[in-house]
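Please read it alongside the sequence and structure shown below.

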Amino acid sequence: MSVLVLPAQFTFKAKDSLDFKAVLEWFDWDNLDQDVVIDVRTCKLANYQALALLLLYVWHLKSKGHAVSLELSPSSQDSRQSPSDMWRRMGAVGWSQVLYERGNQFKGSTVKPLIAIRSRDDAATALSKAEEFAKGFNVEYEKTLQYVLSELLYNTMEHGQRWFNNNRIQIPSIIQFTWYEKRNEISFIVADLGIGIKKHLEMAYPAVEDDLEALRMAIKPQISGTFGKLNSYSGKNNAGVGLYISTNIVQKLGSEMYLVSGQGLLHVSPRDITGKLLTKGWLGTFVLVTVKLTDKKLPVNLHEMLSQARDAALREIASREGKELADKLVVDVGNYFGKYAENKEGAIEIRDRKLLPSLQEGKDILLDFANVSSAPHSFLSALLATPIKSLGMLAYRRIKVTNATPEIRETIDYIFDENTA
Ligand SMILES: Nc1ncnc2c1ncn2[C@@H]1O[C@H](COP(=O)(O)OP(=O)(O)OP(=O)(O)O)[C@@H](O)[C@H]1O
Ligand SMILES: [Mg+2]
């Protein structure tokens, strides 16, 4: 039996900015016995968002087949809430019913909402809860918060899903709101146990350097890990502007946003955007937003903010595309080699006539494998081994691959590894 004792303080320490270290380092993702007991009694101070992560962690352990139980302290009589009281207050004691019975939600206090997100209906519930929270404040806050919140909810539903038991049971994502009345501040966290931003982006971009680079990419306009796939929730192709616009808005509101995915941490504040790699990160992705509410009028309204952000996005994309087209060689592999790309001599010819000279001229290369259903190692190696060798580690930056099937992707990764070692 593994007994996991919650530390005396299970909070995101706040000085100038939030510090997730103590909480994230507590989670043990492997090396546990079959029976796991989580002892909450020792914990004297917690915050709701950290407890929301604890809840996802419990679900994770269940999905791995562990038997999990929590030891809570009895309800305290005085007004000071223990973390066990907070857990009950959020309705988190119902974690098992919510996990295994699809329609179920947490039955917690309405002032500390904890909502499991699996469907559009759940997202709508969360949005209307947020509306209640922001009521009484400047209406522009309310609308803007709703906007950011819905982008985050859609992201977690679209990109952050996690299933187990042969894809029969879905682990919901979580949203938790807290209103810190004294500070006049709202915090909310949207968290999941999905594959994380890096892996998700790598479905469209090869070899993203690390989790931090992935986060930086994700907040750029029109970078999306779901090219060309119709989304089951929105019924549209993802444009890849959700996070760009959201981070812009958060900055204009004078709010703070923290994005954590894998070991990456990005902090968006009104002044700047800073990032770092954590020694121990989160298995999936979470985004935490804190908004200081004022009744002061905002400098701009949502409509203006959105249109400014869209304009900025368009300018940024245009300048990037102009630049990229000028210094990029795009090779449509399917066009040259057909559905089964295996002509090795042809590969060598393209390599010598196109790839190597372009690299010499300083151009980057984008290999588009759309409509190619298979390509053997010998073909890919003939095409890529020499160019990769000539570049060394730079090859990861200068040679990009898109629209490749998982098998082709894997073979190419292997060739990259072989030739940069
Ligand atoms: N919760 C998440 N889990 C995994 N990856 C994510 C998550 N949230 C965002 N991402 C990654 O970040 C990318 C950028 O997100 P963003 O919201 O800006 O664009 P999008 O969702 O692809 O498109 P849009 O929001 O414009 O419909 C996503 O395409 C995805 O690769
Ligand atoms: Mg999105």
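A salt bridge is taken here as a side-chain nitrogen of Lys or Arg within 4 Å of a carboxyl oxygen of Asp or Glu. By this rule, one salt bridge is found across the interface of domain 1 and domain 2.

## Basis of the analysis

This is a predicted model, in which local features need pLDDT of at least 70 and side-chain atom pairs count only at pLDDT 80 or more, while totals for chains, interfaces and linings use all residues. Residues are numbered from 1 along each chain as its sequence is written, chains are lettered from A and ligands numbered from 1 in the order in which they are written, and side-chain values use heavy atoms, with hydrogens and water left out.

## Domains and their interface

The chain comprises domain 1 (2-299) and domain 2 (328-420), with bounds that come from an automatic or database domain assignment. A distance of 39 Å separates the C-alpha centres of domain 1 and domain 2. Seven residues of domain 1 are in contact with seven residues of domain 2, contact meaning heavy atoms within 4.5 Å.

The size of an interface is often given as the accessible area lost when the parts come together. Between domain 1 and domain 2, about 550 Å² is buried, with 44% of it on carbon and sulfur atoms; this is the accessible area (1.4 Å probe) that two parts lose on being put together, summed over both.

## The salt bridge between the domains

Arginine 397 and glutamate 209 form a salt bridge in which the closest N and O atoms are 2.6 Å apart. On the side of domain 1 that touches domain 2, the residues divide into four nonpolar, no polar and three charged. In this grouping Ala, Val, Leu, Ile, Met, Phe, Trp, Tyr, Cys and Pro count as nonpolar, Asp, Glu, Lys and Arg as charged, and the others, Gly among them, as polar.

How exposed is glutamate 209? Glutamate 209 counts as exposed because its relative accessibility is 52%, whereas arginine 397, at 46%, counts as partly exposed. The classes are buried, under 20% relative accessible area; exposed, over 50%; and partly exposed, in between (1.4 Å probe, protein chains only).

## Salt bridges in the whole structure

A search of the whole structure finds eleven salt bridges. Helices (H or I, at least four residues) and strands (E, at least two) are DSSP runs, numbered from the N terminus.

Other pairs lie within one helix. In helix 12 (residues 344-360), arginine 353 and glutamate 349 are four residues apart, about one turn of the helix, and their side chains meet in a salt bridge (2.9 Å, N to O). Glutamate 349 counts as partly exposed, at 44% relative accessibility. Aspartate 413 and arginine 409 also meet through their side chains in a salt bridge (2.6 Å, N to O); because they are four residues apart in helix 15 (residues 406-420), about one helical turn separates them. Aspartate 413 is partly exposed at 32% relative accessibility, while arginine 409 is buried at 14%.

## Serine 2

Serine 2 belongs to strand 1 (residues 2-5) and counts as buried, with 10% relative accessibility. Apart from its neighbours within four places in sequence, serine 2 is in contact with Leu32, Asp33, Asp35, Val36 and Val37.
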